[in-house]
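Welcome! Please take a moment to turn the model around on your screen before reading on. The notes below walk through it topic by topic.

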Amino acid sequence: MSSIRTSLNGGTNTNAKMKRQEKATKISFILNELYPKTPIPLDHDSAYTLTVAVMLSAQTTDKKVNQVTPALFKKANTPEKMAKLNVREVQSIIKEIGLAPTKAKNLKKMAKQILNNGGMKGDWEFLESLAGVGHKTASVVMSQWYGHPAFPVDTHIHRLASRWGLSNGKSVEQTEKDLKKIFPKESWNKLHLQIIFFGREFCPARNHDLTTCRICCWAATKKRILEESNSSTKKK
Ligand code: SF4
C-alpha cells in the first residue's frame, strides 16, 4: 500500500458530490497513466484456446492457468483434438487448478458443441451456450479475441466499482450496466484489464488506509472511508 503513488490532485477528501461521470473520466486518466499497455494475461493463440483458458480461470489465478495450459494445448489445441481426449486424461492435466473435475467434463462437452456448430464463432448466443461458459467468459472472448466492445465484470471489478462509487449495483449484471453507461464504448476492453491490473497491484482484501490510495482517497464514499478506518482502529 505504501507504494501507491500519491493522488493526481494530492487530495484526501472524498468529493461526495462528484458525479459518477466525472469520477469515471478521472479514473480513466489515472489507469491510462498507470497501465498504458494492456497485455492479455492468459496465454492463447486462437479463439478456442482463449475460450478454454478463460473458462479454466474461474476460481483460480491466471498464473496457475498459464502453468497448466501448455501441457493441455500440446495434447489438444483444437476442439477436434479435445473431443477425442478422455475426460480423466484432461482432468489429470489440469488437476492443479480449482474445480478440475467439472472443468474437464465441460471442456469435452464444449469441444463437441463447437464441432457441432462447425467451429468457433464470435457470437454472444453461441458462446454463452457452451458448457462452462457464462456471460463473463463470453465477454472476455468477445472483447479480447473478436474485438467486440464488452465489459467483462468479475467479482474484483464489481468490488472496485462499488468502492469507487461508480455503481451501487448489488449484482455483477447491474455493475456491468452502470460501467457501460459511464465509460465510452471504445475504452471498455482496455478498462476491464486496467481495473484488474490495478486491483492486483494495489488492493488488499480489506481494512486499510484509503487515504493513501490514488483513487479511493477521492473516489470512495465518506461512509466507506469511516468504516475502513474504524475497523482498522479496532484491530490495533
Ligand atoms: S481498495 Fe480502494 S483504497 Fe484500497 S488499494 Fe484498492 S482502490 Fe485503493
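How many residues does helix H11 have, and how far does the helix reach from its first C-alpha to its last? Helix H11, residues 188-202, has 15 residues and reaches 21 Å, close to the 21 Å expected at 1.5 Å a residue. Keep in mind that you are looking at a predicted model.

**The chain as a whole**

- Of the 236 residues in the chain, 34% count as buried.
- Take the contacts between residues at least 6 apart in sequence: 60% of them join residues at least 24 apart.

- The mean pLDDT of the chain is 89, and 89% of the residues reach 70 or more.
- Over residues 1-16, however, the pLDDT is below 50; this stretch has 28 contacts in the model beyond near neighbours in sequence.

- Which residues of H11 are buried? They are Asn189, Leu191, His192, Leu193, Gln194, Ile195 and Phe198.

- Isoleucine 157 is part of helix H9.
- Is this residue buried or exposed? Isoleucine 157 is buried, because 24 other C-beta atoms lie within 10 Å and the cut-off for buried is 20 or more.
- Leaving out residues up to four places away in sequence, isoleucine 157 touches His192, Ile195 and Ile196.
- Isoleucine 157 and leucine 193 are 36 residues apart along the chain, while their C-alpha atoms are separated by 9.5 Å.

**The two sides of helix H10**

- In helix H10 (residues 172-182), the buried residues are Val172, Thr175, Glu176, Asp178 and Leu179.
- Why do they line one face of the helix? Seen down the axis of H10, the buried residues fall within an arc of 165°, so they share one face.
- Helix H9 (155-163) is included in what covers the buried residues of H10.

**Around the ligand**

- Which residues surround the ligand? They are Arg163, Phe202, Cys203, His208, Leu210, Cys213, Ile215 and Cys216.
- Sorted by class, this shell has 6 nonpolar, 1 polar and 1 charged residues.

**Two loop residues with positive phi**

- Glutamine 59 has a phi near 60°, a positive value in a residue other than glycine.
- You will find glutamine 59 in the loop between helix H2 (47-56) and helix H3 (62-75).
- Glutamine 59 counts as exposed, because it has 10 C-beta neighbours inside 10 Å and the cut-off for exposed is 12 or fewer.
- Leucine 99 also has a phi near 60°, again a positive value in a residue other than glycine.
- The place to look for leucine 99 is the loop between helix H5 (87-93) and helix H6 (100-117).
- With 14 C-beta neighbours inside 10 Å, leucine 99 counts as partly exposed.

Definitions and conventions: Residues are numbered from 1 along each chain as its sequence is written. This is a predicted model: local features need pLDDT of at least 70, side-chain atom pairs count only at pLDDT 80 or more; totals for chains, interfaces and linings use all residues. Helices (H or I, at least four residues) and strands (E, at least two) are DSSP runs, numbered from the N terminus. The arc is that of the directions from the helix axis to the C-beta atoms. Two residues are in contact if their C-beta atoms, placed from the backbone, lie within 7 Å. The expected span of a helix is 1.5 Å times one less than its number of residues. A residue is near a molecule or strand if its C-beta atom, placed from the backbone, lies within 6 Å of it. Ala, Val, Leu, Ile, Met, Phe, Trp, Tyr, Cys and Pro count as nonpolar, Asp, Glu, Lys and Arg as charged, and the others, Gly among them, as polar. pLDDT is the predictor's confidence in each residue, from 0 to 100.
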